[in-house]
Amino acid sequence: MWLGVPSQDKMEIRSCLPKLLLAHHKTLPYFIRNKLCKVIVDIGRQDWPMFYHDFFTNILQLIQSPVTTPLGLIMLKTTSEELACPREDLSVARKEELRKLLLEQVQTVLGLLTGILETVWDKHSVTAATPPPSPTSGESGDLLSNLLQSPSSAKLLNQPIPILDVESEYICSLALECLAHLFSWIPLSASITPSLLTTIFHFARFGCDIRARKMASVNGSSQNCVLGQERGRLGVLAMSCINELMSKNCVPMEFEEYLLRMFQQTFYLLQKITKDNNAHTVKSRLEELDESYIEKFTDFLRLFVSVHLRRIESYSQFPVVEFLTLLFKYTFHQPTHEGYFSCLDIWTLFLDYLTSKIKSRLGDKEAVLNRYEDALVLLLTEVLNRIQFRYNQAQLEELDDETLDDDQQTEWQRYLRQSLEVVAKVMELLPTHAFSTLFPVLQDNLEVYLGLQQFIVTSPSGHRLNITAENDCRRLHCSLRDLSSLLQAVGRLAEYFIGDVFAVRFSDALTVVERLVKVTLYGSQIKLYNIETAVPSVLKPDLIDVHAQSLAALQAYAHWLAQYCSEAHRQNTQQFVTLISTTMDAVTPLISTKVQDKLLLSACHLLVSLATTVRPVFLISIPAVQKVFNRITDASAQRLVDKAQVLVCRALSNILLLPWPNLPDNEQQWPVRSINHASLISALSRDYHNLKPSAVAPQRKMPLDDTKVIIHQTLSVLEDIVENISGESTKSRQICYQSLQESVQVSLALFPAFIHQSDVTDEMLSFFLTLFRGLRVQMGVPFTEQIIQTFLNMFTREQLAESILHEGSTGCRVVEKFLKILQVVVQEPGQVFKPFLPSIISLCMEQVYPIIAERPSPDVKAELFELLFRTLHHNWRYFFKSTILASVQRGIAEEQMENEPQFSAIMQAFGQSFLQPDIHLFKQNLFYLETLNTKQKLYHKKIFRTTMLFQFVNVLLQVLVHKSHDLLQEEIGIAIYNMASVDFDGFFAAFLPEFLTSCDGVDANQKNVLGRNFKMDRDLPSFTQSVHRLVNDLRYYRLCNDSLPPGTVKL
């Protein structure tokens, strides 16, 4: 390291390296030249200004001499990178000194860079000297000419773009790269002058200058093509500079005017890009521009809307509506899907801004909406057109609808979802407009769909759709795809018809729901999903999708139906009864194994919503619903696919269990519903109950796989039923548990037999976990105790070791579920389960913890520590018997401590976890300790204060020094502060000196400096700053000492 080099050698190196660079910079390969620059800058980082006073002056001289300008710019950029944001091989004091030194140079540097760019521009500029324009000339016809303060600045920006030679091109790109890096760290201030901004904008025009690219391709030579690309790159670099300035949220007052000017100039560029002249449509113009330039420009627009719009909108001379017109053109002429998505994001930001502005200023709502109404309606119409094949077939067919991305959606689904979000946000602002735009479009496509009935003919093999001409099939395919998208749009808008606006928008919503009910019934009656078509691979999926989407859209209106249900309850309207019973007529035929899964699941979800959200009293008496009951309880009927079976059983159970809205308890018919529920559950778990061995009939031998299937099928249904009832009224839960009682006892009896089959144990524990969470009160204390005792007996140390170490992820899942059940137990208030605490803690600390403590794998650890945290948090008095008297006389009597060994063992386990690499566990456990301190004053307890406090602080400081959990620096700093604040005197007087004494790799003098630099401040920001300074400087000293040659005398 540089520190260890003798000073005479340092002087020689400092004087010869720059000479070497100067002499050979033109002939050296660029990577060696750059490396040499980096070495010189690294020396400057250590020695400037004390031992290398002309370091920066040399760079400025290089820039000013035309021969070495490129070299100077490379040095300047390297200096900005290495000195403004240095790595950790510097002390904090030096980092602060360097930043201060650099800030003093900023004005000079920016002046030089401005000069370079302006000189190149002026030198190559082709404008002849013209008299100043008259006030009437200029681009008066242009949309945004009023943005530019004077016609002369518009004229300036309209000058033809100069043709640069390769050398000038190179110098400008280096200067712009320097600016982009400087802007990333210098504050916005007057050093960034208007002339610099204007110059950057001149170069940003290179990106949107198509002529240069055209000329390059016409002249044909490869060099010209490269030139065209280079010019485009200048535009990209200039936009990077602009975006660096734009991304700063904190804008000083004096800089606001500059910002306004920046926006004006950028929108001039936007206007240039989107200007529609006859030779070029906007889209082909955008296609010709550099893709990176378009990306940068979109980034600029996003930053403008998200960071600065609220600041700029108030300027009277900034026409926001005209800006939106340009943004509209820019959005809908994007050449790529990704570009279009990015622009939709910008509109989403704008709509969010508008919504929050209206909410905060309700009085101005009308004025704000009137200002933007036309723009929003235009946006809505265009986004709707973009999702329809009728208007946008070529683009939509390019979208992939098969490959799933990280969010589990295809490109087509993402396209549709993002578009519908924009539609929904406009609907929130302009409900009537949005509805009147969308509904007629939906109607058109529905008519095509409903008209298909006349083309259905009977053939020997069933029904066939008699549409065979290729063109007709293609048109039908497009219409069905559009109908499917529009149904999703209508479903997405359901939330805007409920709540306070229910009555006002009732007739619109009723129109929609009636249409949806009609469409679903039509699809189910004429069985479009089973119809033969001319192009089965295309039209059949289309017909199934439309049917499924109509059911899903109707399901989206469940909350509206629920609100209608409570209104109808008062008036008892026949209309509501008809809506529900017709819906059931549409759903019931689809609950069959002969129906495709997609359609079956849509029908099941709709049935669940009717049973759970709407809950009409008469639902159970509808013949169609009774048909579903009979089908599900009929032992001979073929079972639906797992997911559908679970959903239908949930719906049927909820019909019987959930209280009907707006009815007193005595009219809920609980006795009858209870009997019906018991028989439903009994039918569903018939085979499962037969598995239980009894004295009369010992267990019949059945293949293990068949047994597993029965267990899986039954428990998945029962678990789902319990989970869905867990938040409901006590009465519902009582009935549910009465029906399930036998199944629970069967499960407990079977559990020991399957303890070595981890997949079965996993399902059984899932079921018990759900029972504990939802029905523990109904299960009663004796039976709950019996379950817990059974589990504690079964999970011996050997069994735990087998599960965790030998059975892979399933085994670990079993143990995790068991620990989750115990988490529910330890959180239970009252004294009921307190007797289990000793055995739960001993299971954790003596059986589970030793097995997992040393394993690097995070399995089981998170659940174990959560259980320990819950045990402490909810059973604090098990350890600290605090009496009211003691808390009043806090100073006199220290509260009694009980079960101290267990408490110490738990704390030790927490401490150990901070020495392990798993960052998630570290974060979780740090959060647990901090919570215990906030809620229970953990750090203040005598046992913690006297025996553990500084051990924890030491561990956390070491973690910071080793940089093993750097992402959590802030959280660790705050935790150290909270612990130290319990005893600041002890921290400063005893702990800190001891900590420094124990630090190896630093000498006594360095330890003294570290101690002196740690300020005695007791507020959080200053204290954590001192902690991070200590850590940084300790690492720096160790680095220095390690790199010194042996035997060096340290001063």
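This is a predicted model: local features need pLDDT of at least 70, side-chain atom pairs count only at pLDDT 80 or more; totals for chains, interfaces and linings use all residues.
Local features were required to have pLDDT of at least 70 and side-chain atom pairs pLDDT 80 or more, whereas totals for chains, interfaces and linings use all residues. Residues are numbered from 1 along each chain as its sequence is written, and side-chain values use heavy atoms, without hydrogens and water.

The protein is divided into domain 1 (430–620), domain 2 (664–779), domain 3 (780–878) and domain 4 (895–1043), with bounds from an automatic or database domain assignment. Domain 2 and domain 3 bury about 2100 Å² between them, 73% of it on carbon and sulfur atoms; this is the accessible area (1.4 Å probe) that two parts lose on being put together, summed over both. On the domain 2 side, L748, L765 and F772 lose the most area to domain 3, together 28% of what that side buries. Three salt bridges are counted between domain 2 and domain 3 (a side-chain nitrogen of Lys or Arg within 4 Å of a carboxyl oxygen of Asp or Glu). K817 forms a salt bridge with D762, with the closest N and O atoms 2.7 Å apart.

The structure holds 70 aromatic pairs (Phe, Tyr or six-membered Trp rings with centres within 6.5 Å; planes under 30 degrees apart are stacked, over 60 edge-to-face, the rest tilted). The ring centres of F865 and F910 are 5.1 Å apart and the planes lie at 65°, so this pair is edge-to-face. One aromatic cluster is formed by F950, Y977, F984, F987, F988, F991, F995, F1014 and F1023.
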